[in-house]
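Hi,

Here is the structure I said I would pass on to you. Have a look at it first, and then read my notes below.

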Amino acid sequence: MENSEGVKIESTVVTEEPLISALDIALFVVIITVAYFWYFKRDKQSSSSEKKPYTIQPSSLSSIEQTSNSSFIKKLKSTGRSLVVFYGSQTGTAEEFAGRIAKEGARYKMKGMVADPEECDMADLVEMKEIQKSLAIFCIATYGEGDPTDNAMDFYEWLQNGDADLEGLNYAVFGLGNKTYEHYNEIAIYIDQRLEELGATRVHEIGLGDDDANIEDDFVSWKEKLWESVCSHYGIEETGEESNIRQYKLVDCSEVLPERIFSGEISRLKSYENQRFPFDVKNPYLSKIAVNRELHKSGDRSCMHTEFDIDGSKMRYDTGDHVAVYPKNSSELVDKIGELLNADLDAVFSLLNTDEESSKKHPFPCPCTYRTALTYYLDITSNPRTHIMKELIEYASDPKDQEKLKLMASSTPEGKKEFHEWILRDNRNIVHILEDLPSVKPDLDHLCELLPRLQCRYYSISSSPKVYPKSIHITAVLVNYTTPTNRVNKGVATNLLAQLIPTNDELPQPTIPIYIRRSQFRLPPKSQTPIIMIGPGTGLAPFRGFIQERDYARKEGREIGEMVLYFGCRKKDEDFIYENELQEYVANGTLTKLHLAFSRDQPEKKYVTHLLEQNADELWNIIGEKSGHLYVCGDARSMAKDVHSIIVKVVMEKGQMTNSQALNYVKKMEQQKRYSADVWS
């Protein structure tokens, strides 16, 4: 409008003595228009490439370039490959397993590639039969309450809703799960069965990995039998060639300009300096720490109440959601690796995939310094897996160190025992291994290739957006423990958070990258529905948000249902977190009943499960007679299982049902989202 008015005024003034002709004006407008659309299109393409949109239906691919990028079949055919390994990974383990299988394929004359189903057109599975002796392997994790991983969600839904003819597709599935959860390996089991239903041929039986025991052992055992089945199915023999081939090659980046070097960003260069909404797993928000205070009153343990400032970020969360926190490794451990390997941690480098067809060009953001990689991108505190032991053998100059590594890398009973005792039981990380096997001096770039990615940590949000729309609260216990080798291991995220104390002066406040992960852990739609919450220790976190939300509704004049909370801790005078808040909610009527169990305040230990058994009538009144909701948050290994058993027992006795009927009743509660669990192992 302003430009139009400007042109009109100018044309009026120069009527008698024109300085700019009508043709000049027209050309100027055309140039401006072309420049605008060129810039807008470029920006849109840039944004699109960052988000990597994915759809499973080929009809939605609007260009040849899109089809080419998402077609794993074309990549297989153009590079003479017959093996593709898909991964559904939330923490990186399934992706790591997929890479190991693809790498070993060469030993069986099957050149392989790793593929992310989110970046592929999975409908192309119907064309796998066109490739001779082809095989698709799926390394699929189940997380949460039987949910697919984020990157496998579209594939999972495609299998559920579609009816593709997969005859001629040869496949095998390995699942990654945890037996402490009710829905153990549910997604992998479904995919294995569904592929068969659609006509595909199972080459080897499904493998079920249990992360509560030894998932590495489960995987290696399954993988060995997998290759036996593959050889039998295709009539091939193992070549005997070792698969210790580097997946990435080292590139010296000492001449790269400083502004082109990553310094800890997750995906986009300078993303922390130039923040862009929306914020997600690849684009976290750099949040200021608004509050960080101790919740325990005494004792030798620590529990933190931390508040992340999201004011102005456009981020929104719901009560019951999780917040992901991106940690960084301690400088002490990072410096130790540099010292042990006599390496220049400030050298700038890049790791470039030797497979030019791979969609994953680097294992982490490159170029960067070794210090940045070890601080922000690599997991140096967890127990390394057996394949890392195998890769370290060539770097051991002492025969004793070599033999120890060979033994732990083997699948013999003696090797598994040694790995379990020396690595898992003694809780050694890569730093400890390099310290205790002093002749092992791997190239630092190779070590960076081998180590898994440092993952974000998830915490239940302990606030309600109705009450705190501009901040996210979490409740976290500081993790510190002494290992059998008398080393002190520290939790990566909680020890970082403990150091981020906001100041009262004008100094820049401490920050940390975060994003919100949606959850199904939700309050009932109607505020008058009664609920029971069971959350000992930091399991109280999401219920603090639940109570805040119901309290907000009560203050607005709305009717709220009964709220019964079961909370337990060791000692009332030490670790009764949020005590004053909870007592206030009881006093104002928001919290109907507060059942407390202090396990060490009396000779005989008392837990929330004991209180549940004592209050069977109240429990049945709410979940049976009033169709209320029941929530459990906390330890999955024992507490959540015990609660489930008690609920079934109460339903049997008070509802006058058989064991089978009670189990079905509880199952129906879960299906109706009237029985929800937010648990961890």
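Let's start with F138, which is buried, as its relative accessible area is 0% (buried means under 20%, exposed over 50%, partly exposed in between, with a 1.4 Å probe and protein chains only). F155 is buried too, at 1%.

Before going on: this is a predicted model, where local features need pLDDT of at least 70 and side-chain atom pairs count only at pLDDT 80 or more, while totals for chains, interfaces and linings use all residues. Residues are numbered from 1 along each chain as its sequence is written, and side-chain values use heavy atoms, leaving out hydrogens and water.

Back to the rings. The structure holds 25 aromatic pairs (rings of Phe, Tyr and Trp, the last by its six-membered ring, with centres within 6.5 Å; planes under 30 degrees apart are stacked, over 60 edge-to-face, the rest tilted). F138 and F155 make a stacked one, with 5.6 Å between centres and 5 degrees between planes. F138 lies in strand β3 (residues 135-143) and F155 in helix α6 (residues 153-161), so this pair ties together parts 17 residues apart in sequence. (Helices, H or I of at least four residues, and strands, E of at least two, are DSSP runs numbered from the N terminus.) Both rings also belong to one aromatic cluster with F72, F86 and W158.

R428 lies over the face of W422, 3.9 Å from the ring centre, and the charged end of R517 is over Y458, 3.6 Å from its centre.

Next, the sheet. Three strands form an open sheet in the order β8-β12-β13, paired antiparallel (two strands pair if DSSP finds at least two bridges between them). At the edges are β8 (248-252) and β13 (368-369), each pairing on one side only. Five bridges join β8 to β12 (residues 348-353), and D252 stands opposite F349 in β12.

And what is on the surface? V467, Y468 and Y552 form a nonpolar patch there, with about 220 Å² of accessible area together. Y468 sits in the loop between β14 (457-460) and β15 (471-477), and counts as partly exposed at 31% relative accessibility.

Cheers

Terms used:
Patch = residues over 30% accessible without salt bridge, like charges linked within 9 Å, V, L, I, M, F, W, Y side chains within 5 Å. Areas by Shrake-Rupley, 256 points an atom, 1.4 Å probe, with all protein chains shown as cover. Salt bridge = Lys/Arg side-chain N within 4 Å of Asp/Glu carboxyl O. Lys NZ or Arg CZ within 6 Å of the ring centre and 35° of its normal.
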